[in-house]
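Give the cut-offs along the way.

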Amino acid sequence: MYQFDIAATAKPDLYRDLLSALDALTADEPDAVANMANAAALLWEYLPDLNWAGFYRVIGSELVLGPFQGKAACIRIAIGKGVCGTAAATGDTQVVDDVHAFPGHIACDAASRSELVVPVVRGGATIAVIDLDSPSPARFDGEDAAGVEAIARLLSDRI
Ligand code: SME
């Protein structure tokens with residue numbers, strides 16, 4: 001059993017604690033699926049107000065669903081499509097306050113109102129994205145983006 005002392009309320013502190021817990025969880029484990037699964041579980045448990053948290057992996061010209069928490073989701077997304085596909089195509093974090101206003105947004109869970117997607121980059125190429133969905137509009141801000149980007153950097157050679 002793993003127990004983490006993550007009780008911070010200020011976002012930078014919360015993400016610092018999450019990063020350190022995730023570092024401890026993944027440091028000695030070479031299996032990518034295990035590390036993505038534990039990362040999704042940690043994000044899901046400790047970040048408030050989410051309805052989906054997980055990974056899509058870049059495989060050829062598509063994103064393919066990876067380990068996640070939340071409702072069963074779209075399995076394959078073309079690079080360039082939707083919020084996840086845009087993050088993968090551009091290599092840029094996407095912070096979307098209102099998913100209904102995002103051209104091409106792919107509704108996997110009708111409850112989703114806002115979304116944060118962060119590319120995981122290795123050797124200059126995007127190898128996966130971390131996708132967080134919330135039922136609240138404008139749930140994610142620059143502090144969330146910075147926090148999840150740090151997690152993506154940590155995981156880049158562990159998934
Ligand atoms: N909404 C995403 C699709 C993935 S689900 O949210 C899990 C998108 O537009 O890329």
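A disulfide is taken here as a pair of cysteine sulfur atoms within 2.5 Å. This is a predicted model, in which local features need pLDDT of at least 70 and side-chain atom pairs count only at pLDDT 80 or more, while totals for chains, interfaces and linings use all residues. Residues are numbered from 1 along each chain as its sequence is written, and side-chain values use heavy atoms, with hydrogens and water left out.

The structure holds one disulfide. Its partners are cysteine 74 and cysteine 108, whose sulfur atoms lie 1.9 Å apart. The torsion about the S-S bond of cysteine 74 and cysteine 108 is about -120 degrees, so the disulfide is left-handed. The pair links distant parts of the chain, 34 residues apart: cysteine 74 sits in the loop between strand 2 (62-70) and strand 3 (76-78), and cysteine 108 in the loop between strand 4 (94-96) and strand 5 (114-122). Strands, like helices, are DSSP runs numbered from the N terminus; a strand (E) needs at least two residues and a helix (H or I) at least four.

For accessibility, buried means under 20% relative accessible area, exposed means over 50%, and partly exposed lies in between, with a 1.4 Å probe and protein chains only. Cysteine 108 has 29% relative accessibility and therefore counts as partly exposed. Cysteine 84 counts as buried because its relative accessibility is 4%.

The next topic is charge. Side chains of opposite charge can pair when their charged atoms come close. A salt bridge is counted when a side-chain nitrogen of Lys or Arg is within 4 Å of a carboxyl oxygen of Asp or Glu. How many salt bridges does a search of the whole structure find? The search finds seven.

One of them joins aspartate 144 and lysine 11, with the closest N and O atoms 2.5 Å apart. Aspartate 144 is buried, at a relative accessible area of 1%, whereas lysine 11 is partly exposed, at 22%.

Another salt bridge connects aspartate 23 and arginine 158, at 2.8 Å from N to O. This pair also links distant parts of the chain, with aspartate 23 in helix 1 and arginine 158 in the segment after helix 4, 135 residues apart. Aspartate 23 is partly exposed, with 32% relative accessibility. Salt bridges that share partners join Lys11, Arg139, Asp141 and Asp144 into one network.

A further salt bridge stays within one helix. The side chains of aspartate 13 and arginine 16 meet at 3.4 Å, N to O. Both residues lie in helix 1, three residues apart, which is about one turn of the helix. Aspartate 13 is partly exposed at 32% relative accessibility, and arginine 16 is partly exposed at 49%.

Serine 112 lies in the loop between strand 4 and strand 5. Is serine 112 buried or exposed? Serine 112 is buried, with a relative accessibility of 2%. Its side chain makes a polar contact of 3.1 Å with the side chain of asparagine 51 and one of 2.9 Å with the side chain of aspartate 133. A polar contact is a pair of N or O atoms within 3.5 Å; within protein, one must be able to donate a hydrogen and the other to accept it, and residues adjacent in sequence count only if both atoms are side-chain atoms. Contact in general means heavy atoms within 4.5 Å. Leaving aside neighbours within four places in sequence, serine 112 is in contact with Asn51, Val99, His100, Asp133 and Ser134.

Leucine 65 is in strand 2 and is buried, with a relative accessible area of 17%. Not counting residues up to four places away in sequence, leucine 65 touches Trp52, Phe55, Tyr56, Arg57, Ala73, Cys74 and Ile75.

Two backbone angles remain. Aspartate 49, in the loop between helix 2 (32-46) and strand 1 (52-59), has a positive phi of about 65 degrees although it is not a glycine. Alanine 138, in the loop between strand 6 (125-134) and helix 4, has a positive phi of about 50 degrees and is likewise not a glycine.
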